[in-house]
Amino acid sequence: MQPVHLTGLSQAELSDFVASLGEPEYRARQIFSAIHARRVMSFDAMTDLPKELRATLVQRTLLSTFKLESRYISTDGTRRYLFKTRDNFPVETVFIPEERRDTICFSSQSGCPLQCTFCLTAQLGLLRNLTAGEIVEQIIFALNDAYGEGVQTPRGTNLVGMGAGEPFLNFDNLMKTIRIMNDTSGLHIVPNRITVSTAGIVPRIRDLATIADRPHLAISLAAPNDELRNELMPINKKWPIEELLSACKEFEKSLKPNEQFTFEYVMLRGVNDSDAQARQLANLLNRHALRAKVNLIPHNPAEPLPYQPSPMERVESFREILESKGVHAFIRRPRGRDIFAACGQLAARSETGLSAAPS
Ligand code: SAH
């Protein structure tokens, strides 16, 4: 019998599981809050449970399934973790401490099936979708590494689904994770503190709009026209810009009064960073009158990607053109570049090189 990964169960599922063991309902609440509120990752430490129950849980279930392969700490404090799943697939998570809050960037897939030419993760191809338990585990692990098991975090936690993989190709597990995060007797990270990023899986953008308690949305655009976007992000051939923006228009109806959504635009030197392209982007967004802002991400270069980052003056001038045409634009400061933790750099790199294939 496969062990049950308790970390990925909602409270309701945990209740069913506990009932199947013939245990009273309140045990489910105890276990849930041990895992998610106190972030306890061993049954030994669940001293409020009777010994026999703990022994049964050890036999039949799992809390932590990852093996930590390596941990890298950047000069800017960012941490990158490279885990292996139980079946040996690589998973990466990035912890980004900031003054007022921490941000955890989690992965939704091992590898990624999309073939964005500027992203290192694409080189792995899709290895597999992660389970909800495996997504939750990344967050618990990062918090425990920063603060210790059972220790209250000193700052709030933001989550971004911007690690490896395309979250909207693992939609159900992603949404389940978000519901578990939101549980008031667990971590209680509300959807308002969570942003998920998609390369543009149009039907799921429409689905997200229908979810009452949903996270914020970011969309990776990278080009102001189909010709260039087809080249940089082949998913554009399936859902071209007009279809993407019309889904965005639909999604817009679900925005709260002060909410916006975000377009991410990776700045590639001499490829998508000209003044003319800035004007084209502004016109495109203005034509659709979207309540969105643009985050300009300086390209994080890495062998063997064929691009260089745009010079900072270029990024700044691109931003100014957008602003002059009424499009709010921000420049994202790269974090953790030195340890391959920045956007687009997650490709299971360890000191020994790529470690992608399960062994
Ligand atoms: N698949 C999703 C989630 C990944 S988010 C998506 O595409 O949105 C990762 C973000 O980093 C995306 O906005 C992507 O455009 C950006 N990115 C990818 N490679 C990059 C690189 N080399 N430098 C800077 N940003 C990059």
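This is a predicted model: local features need pLDDT of at least 70, side-chain atom pairs count only at pLDDT 80 or more; totals for chains, interfaces and linings use all residues.

I started with Ala289, which sits in the loop between α10 and β13. I looked up its phi and got a value near 45°, positive in a residue other than glycine. Is Ala289 buried or exposed? Ala289 has a relative accessible area of 53%, and the cut-off for exposed is over 50%, so Ala289 counts as exposed.

Next I checked His188, in the loop between α5 and β10 (194–198). His188 is not a glycine either, yet its phi is positive, about 50°. I get 39% relative accessibility for His188, so I put it down as partly exposed.

Then I looked at a peptide bond. The one joining Glu303 and Pro304 is cis, with omega at about 0°. I traced Pro304 to the loop between β13 (292–298) and α11.

**Helix α1**

Which residues of α1 (residues 11–20) are buried? I noted Leu14, Ser15, Phe17 and Val18. Looking down the axis of α1, I see these buried residues fall within an arc of 165°, so they line one face of the helix. On the other side of α1, I found Ala12, Asp16, Ala19 and Ser20 exposed.

**α4 against α5**

I turned to helix pairs. For α4 (residues 132–147) and α5 (residues 171–182), I have axes 8 Å apart and a packing angle of about 45°. That makes α4 oblique to α5. I wrote down the crossing of α4 and α5 as right-handed.

Who meets whom? From α4 I listed Ala132, Ile135, Val136 and Ile139, and from α5 they meet Asn173, Lys176, Thr177, Ile180 and Met181. By class, I sorted the residues of this α4–α5 contact into six nonpolar, two polar and one charged.

**α10 against α11**

How do the axes of α10 (residues 275–287) and α11 (residues 312–324) cross? I have them at roughly 35°, coming within 9 Å. The crossing of α10 and α11 is right-handed. On the α10 side of the contact I noted Asp275, Gln277, Ala278, Arg279, Leu281 and Ala282, and on the α11 side Arg314, Ser317, Phe318, Ile321 and Leu322. Sorted by class, the contact of α10 with α11 has six nonpolar, two polar and three charged residues.

**Val327**

Last stop: Val327, in the loop between α11 and β14 (329–331). I found a relative accessible area of 4% for Val327, so I call it buried. What is Val327 in contact with, leaving aside its neighbours within four places in sequence? I listed Ala282, Leu285, Asn286, Val294 and Leu322. Two of those names I had already written down, as Ala282 of α10 and Leu322 of α11 are in the contact between those helices.

Glu98 is 229 residues away along the chain, and the C-alpha atoms of Val327 and Glu98 are separated by 26 Å.

Technical notes. Residues are numbered from 1 along each chain as its sequence is written. Side-chain values use heavy atoms; hydrogens and water are left out. Buried means under 20% relative accessible area, exposed over 50%, partly exposed in between (1.4 Å probe, protein chains only). Helices (H or I, at least four residues) and strands (E, at least two) are DSSP runs, numbered from the N terminus. The arc is that of the directions from the helix axis to the C-beta atoms. Axes are lines fitted to C-alpha atoms, for helices over the stretch in contact, and angles run from 0 to 180 degrees between N-to-C directions. Angles under 35 degrees count as roughly parallel, over 145 as roughly antiparallel, 65 to 115 as roughly perpendicular and the rest as oblique. A crossing is left-handed if the near helix is turned anticlockwise from the far one by less than a right angle, and right-handed if clockwise. Contact means heavy atoms within 4.5 Å. Ala, Val, Leu, Ile, Met, Phe, Trp, Tyr, Cys and Pro count as nonpolar, Asp, Glu, Lys and Arg as charged, and the others, Gly among them, as polar.
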